[in-house]
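Please consider the structure shown below. The paragraphs after it lead through a helix and then through a set of aromatic rings.

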Amino acid sequence: MVEFAFDIKQLFPQPIIRVQAHSLRPTVTQLRHRPHPFIANPQRGHSTMPSCQLSQILDVMGKLSADAQGLRQPVTTADKLASDQVVYLMADDAAGYWAITGLLKVGTKDLFLFDQEGCCRRAKQTPAILDFYVHESRQRCGQGKLLFQRMLEQQGWSASKCSVDRPSKKLLGFMAKHYGLVRTIPQGNNFVLYEGFFDDPMTKC
Ligand code: ACO
């Protein structure tokens, strides 16, 4: 479980929160109440602002996700979060203390894609699953489904319309089990598309 030196609970009015780039910037009120730079303990000063705490969580969870996927560089860091991307974070106190249990980063992409007939199509603002991680101690307990389902509801997306950036074996199994998505449409890039993606008309290039 991923614990932090600050109180996680105050960041989580509900078990799953939505984080965007603007949530990682301190508000004017937060800056006004920040400890004086010359008298503050720098570590304490940093971790008392919610925006800094969220940034720390993103960096730590992004690193754990990269390790779990065998990636050299994290896909998710606070610095790299673009304005059109959203990170869903999940936490609970099931272990007797508040800890972060999962991360799901999504965004939209303008992609050139092949449909089932092999025709190239331009898909604008394609929903994209970019990074997904549930802590090892919680995997295969339905936590991933909870997080993914909340994301779909909040984004107004359906699973078959999502492109998935370099899915791991675990994620392929997850999509098959929970959403019945098995048959993919071969692409010339790292994204995986499932049958059903092209059910609505789209621009041919
Ligand atoms: N081996 C095979 N399939 C697995 C595994 C595993 N070790 N773990 C989860 N799955 C799949 C299976 O279909 C499983 O069903 P089963 O237990 O009946 O076989 C199903 O996921 C379980 O569903 P949940 O419990 O809802 O999902 P979970 O909480 O395990 O979260 C996740 C799924 C996020 C993929 C998690 O396993 C994880 O963090 N894996 C490591 C990181 C990773 O691979 N992330 C995806 C990278 S690709 C990307 O982010 C675009």
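In this predicted model, Gly 70 comes directly after helix 3 and has a positive phi, near 70 degrees. The helix that precedes Gly 70 comprises the 20 residues 50–69.

Attention may now turn to the aromatic side chains. The model contains seven aromatic pairs. One of them joins Phe 4 and Phe 6: the ring centres are 5.4 Å apart and the planes meet at 25 degrees, which is under 30 degrees, so this pair is stacked. Both partners are buried, because the relative accessible area is 15% for Phe 4 and 10% for Phe 6, and buried means under 20%.

A further pair is formed by Phe 174 and Tyr 179, with ring centres 6.3 Å apart and planes at 55 degrees, so the pair is tilted. Phe 174 is buried, with a relative accessible area of 13%, whereas Tyr 179 is partly exposed at 21%. Together with Phe 132 and Phe 148, these two residues form one aromatic cluster. Tyr 179 also has a charged neighbour: the charged end of Lys 145 sits over its ring, 5.7 Å from the centre.

Terms used: Residues are numbered from 1 along each chain as its sequence is written. This is a predicted model: local features need pLDDT of at least 70, side-chain atom pairs count only at pLDDT 80 or more; totals for chains, interfaces and linings use all residues. Side-chain values use heavy atoms; hydrogens and water are left out. Helices (H or I, at least four residues) and strands (E, at least two) are DSSP runs, numbered from the N terminus. The expected span of a helix is 1.5 Å times one less than its number of residues. Rings of Phe, Tyr and Trp (its six-membered ring) pair if their centres lie within 6.5 Å; planes under 30 degrees apart count as stacked, over 60 as edge-to-face and the rest as tilted. Buried means under 20% relative accessible area, exposed over 50%, partly exposed in between (1.4 Å probe, protein chains only). A charge sits over a ring if NZ of Lys or CZ of Arg is within 6 Å of the ring centre and within 35 degrees of the ring normal.
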